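Here is a short report on one protein model.

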Amino acid sequence: MADLTQLQMLLELEQRREEKAVQDFVQVQQQVQEQQMRLDGMSKYRLDYLNQLQQRGQSGIASIQVGQYHAFVGKLDEGVEQLHHDIVKLQQVLQQRKQRWLAQRRKRESVNFLIKERQKRAQKVEARKEQKNLDDFSSQRFIRDRK
């Protein structure tokens, strides 16, 4: 039974590790979503800004202002590119965390399976002992009754 107790302790440890792996995965997943929202917002802002430039261009705009608009759009493009790069990196981390979580889940399931198998084996041993005791009792009773 000490073996089963040790396995139970190992199972608890593996469960805690799995919970930590899930938390790590969810945390990165939230970061990916937040960065994607920022990217979407910045891309929309960039598009709105370009539309505004086009509307002003139709009504006439000084060349210096056009240069300023283009410089600002260039900065927005850099920001969009950086956010996209960050999202790609976070998605790679997300996949790594997912793999770590799934590996940890398999470990926990393996320990849990081992515990169940040991419990089944112990139950079979106990059932055999009970059957032997019943057989012995029946044999003794039969012998007593024959006397």
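Of the 147 residues in the protein, 20% are buried. Buried means under 20% relative accessible area, exposed over 50%, and partly exposed in between, with a 1.4 Å probe and protein chains only. This is a predicted model: local features need pLDDT of at least 70, side-chain atom pairs count only at pLDDT 80 or more, and totals for chains, interfaces and linings use all residues. Residues are numbered from 1 along each chain as its sequence is written, and side-chain values use heavy atoms, without hydrogens and water.

**Overall form**

The protein has 2 helices and 0 strands. Helices are DSSP runs (H or I, at least four residues), as are strands (E, at least two), numbered from the N terminus.

| Property of the protein | Value |
|---|---|
| Radius of gyration | 34 Å |
| Span of the C-alpha trace along the principal axes | about 125 × 25 × 15 Å |

A compact globule of 147 residues would have a radius of gyration near 15 Å. That rule is 2.2 Å times the number of residues to the power 0.38, and the radius is taken over C-alpha atoms.

Contact means heavy atoms within 4.5 Å. Among contacts with a separation of 6 or more, 86% join residues 24 or more positions apart.

Glu14 sits in helix α1, residues 2-59. Is Glu14 buried or exposed? Glu14 is buried, because its relative accessible area is 7%. Beyond its neighbours within four places in sequence, Glu14 contacts Gln104, Lys107, Arg108 and Val111.
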